[in-house]
Amino acid sequence: MATKDILSPLPGTFYRKSSPDAAAYKSEGDVVKKGEVIGLIEVMKSFHEVHADADGTIVSFIAENEEPVMAGQPLATLTI
Amino acid sequence: MTRSVQSLFIANRGEIAVRIIRAAKELGLQTVQAHSLADAESLAVKLADKAVNIGPPAASKSYLNIEAVVAAAVASGADAVHPGYGFLAENARFAEAVEAAGLVFVGPTPQQIRMMGDKVSALEAAIAAGVPTVPGSRGRVETSEDAAKVVERIGFPVMIKASAGGGGRGIRVANSRDEFDRLMPQASAEALAAFGDGGLYIEKFVASARHVEVQVLGDGRDVVHFFERECSLQRRRQKVWEEAPAAMLPEDVRARLCQSAVDLAKAVSYRGAGTIEYLYDETTRDYYFLEMNTRIQVEHPVTEMITGFDLVREMIRIAMGEPLRMRQSDIIMRGHAIECRINAEDPAKGFMPAPGLIESLTVPGGAGVRFDTLLYQGYTVPPFYDSLLGKLIVWDESREAAITRMQRALGELEIGGLKTTKPLHRALAADPDVRAARFDTQFLELWLEHRASMLDTY
């Protein structure tokens, strides 16, 4: 099966959940639809959703929760 | 009591850290700049005599980490800590920790920070000092009879607010008794459904409010004011464009407003730089206390421009135990000053943040122009903190001349490599309503709804 990385649209801090106490948006093994939220990027105190850009299954998260990331950096890998 | 201070630790970042370093150097102090891993190449680090890494990029693990900041300050051998604005500047626990470590905190006492940081105790202090507050029920109204008594006292229009609400949710405005009687039950039912609490309170509604604020300095005994600023041009409650003085304020109102700020600060024996914020109703000429900020503010330079005093230098002197160096009669305002906040945001794309590399930089100059910034060519603006890149400040003899000078300075300012809010300021400076000082705190949001798309052309 082909794989595809979901890239960070912005530089900032990557979050896998909507708040510290919330459950993660997605876990490894979860099926996602194109456009579904898989995490947030905090950039300059504002939060932006990260969407899956294809239907698929999340194989792994490459970036950890609260990890600083650059624009274009892979956040998670999908099998499509 | 005079405290011997030789070395100042700056527990902040960005343009305000640069500003503090400059004031400290003029006082002959050594400077120690705290920085996160992401700020190792910052202008403040380059300008300071010494720099100390206090943790990872996330502010919660560096600039907001009280233990790490205090430990770094002690280890650096500094004798005083300046908190700047934001981060820990209004955190009473931080001020306590600094003092407990035997260092001087450049700011008010922890008790003063705590009192003014709590909405209820701040309002009580204002009322006790005779400062006008927004008329209203001062708490929940339990019955419709109580509600009726309140509106009879304060008059229409009134605002019905959910006790449990926030951020503008659960607010209704009634312009007459009929409307009030109709809206009260609706508001209660809605509050119950939305917040699980049907409690309501009532406040006078000011349809067109302007934000004015008075700058004060206190030494723990005496207090002086440095007149007022107007900061009505706001987006999402963030100030965008600030001025001093407030152009529309009649002279007699100005005198009473500034005196009320002094009264409040004196009543709490205020120490350091502080700002008392008010809501001003231009139609009735009434002003109402909103809150007191117990720190230096972003927009302090416009006050410095019209009075000629260096507020940051004075607040350090006060922290060192010196009495106020000026009497009220020494503080005279002259001309008009304007500050435009230049943020790393794209105003044409919903103010999307735009961190990144500064490929080129041209700083405006000439008479009456000041640019307080964290930028230098080749610097990479990190994505982890707020988007303020710099503050373009101009002074001129009149407001009209200051706007013209701001347009000239904005024309010179070039920040290559990322999107900034410069086009917004060029558009505002050309707007007939802005030029005529016809605006309130709602103005900019409405203005942006109609004009955001054309900001590309500025």
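This briefing walks through a two-chain structure, topic by topic.

The model is predicted, so local features are described only where pLDDT is at least 70 and side-chain atom pairs count only at pLDDT 80 or more, while totals for chains, interfaces and linings use all residues. Residues are numbered from 1 along each chain as its sequence is written, with chains lettered from A and ligands numbered from 1 in the order in which they are written. Helices (H or I, at least four residues) and strands (E, at least two) are DSSP runs, numbered from the N terminus.

**Chain A**

- The C-alpha trace of chain A spans about 35 × 25 × 20 Å along its principal axes.
- For 80 residues, a compact globule would have a radius of gyration near 12 Å, and chain A agrees with 12 Å; this radius is taken over C-alpha atoms, and the globule rule is 2.2 Å times the number of residues to the power 0.38.
- Of the 80 residues in chain A, 31% are buried; a residue is buried if 20 or more other C-beta atoms lie within 10 Å of its own, exposed if 12 or fewer, and partly exposed in between, with C-beta atoms placed from the backbone.
- A:Glu66 sits in the loop between strand 6 (56-61) and strand 7 (67-69) of chain A, and has a positive phi of about 70 degrees although it is not a glycine.
- A:Glu66 is partly exposed because 16 other C-beta atoms lie within 10 Å.

**Where the chains meet**

- Ten residues from chain B and nine residues from chain A take part in the contact; two residues are in contact if their C-beta atoms, placed from the backbone, lie within 7 Å.
- On the side of chain B that touches chain A, eight residues are nonpolar, one is polar and one is charged (Ala, Val, Leu, Ile, Met, Phe, Trp, Tyr, Cys and Pro count as nonpolar, Asp, Glu, Lys and Arg as charged, and the others, Gly among them, as polar).

**The parallel sheet of chain B**

- Five strands of chain B form an open sheet in the order 3-2-1-4-5, with parallel pairing (two strands pair if DSSP finds at least two bridges between them).
- Strand 3 (50-55) and strand 5 (104-105) of chain B are at the edges with a single partner strand each, so one side of each has no neighbour in the sheet.
- Strand 1 (residues 7-10) of chain B runs parallel to strand 2 (residues 30-36) of chain B, joined by four bridges, and B:Ser7 stands opposite B:Gln30.
- Between strand 1 and strand 2 of chain B, the chain passes through helix 1 (residues 14-26) in a right-handed β-α-β crossover (right-handed means that, with the strands pointing away from the viewer, the path from the first strand over the helix to the second runs clockwise).
- Three bridges link strand 1 of chain B to strand 4 (residues 80-82) of chain B, where B:Phe9 partners B:Val81 and B:Ile10 stands opposite B:His82.

- Chain B is divided into domain 1 (7-106), domain 2 (144-204) and domain 3 (209-457), with bounds that come from an automatic or database domain assignment.
- The C-alpha centres of domain 2 and domain 3 of chain B lie 34 Å apart.
- A cis peptide bond joins B:Phe156 and B:Pro157, with omega about -5 degrees.
- Another cis peptide bond, between B:Ala244 and B:Pro245, has omega about -5 degrees.
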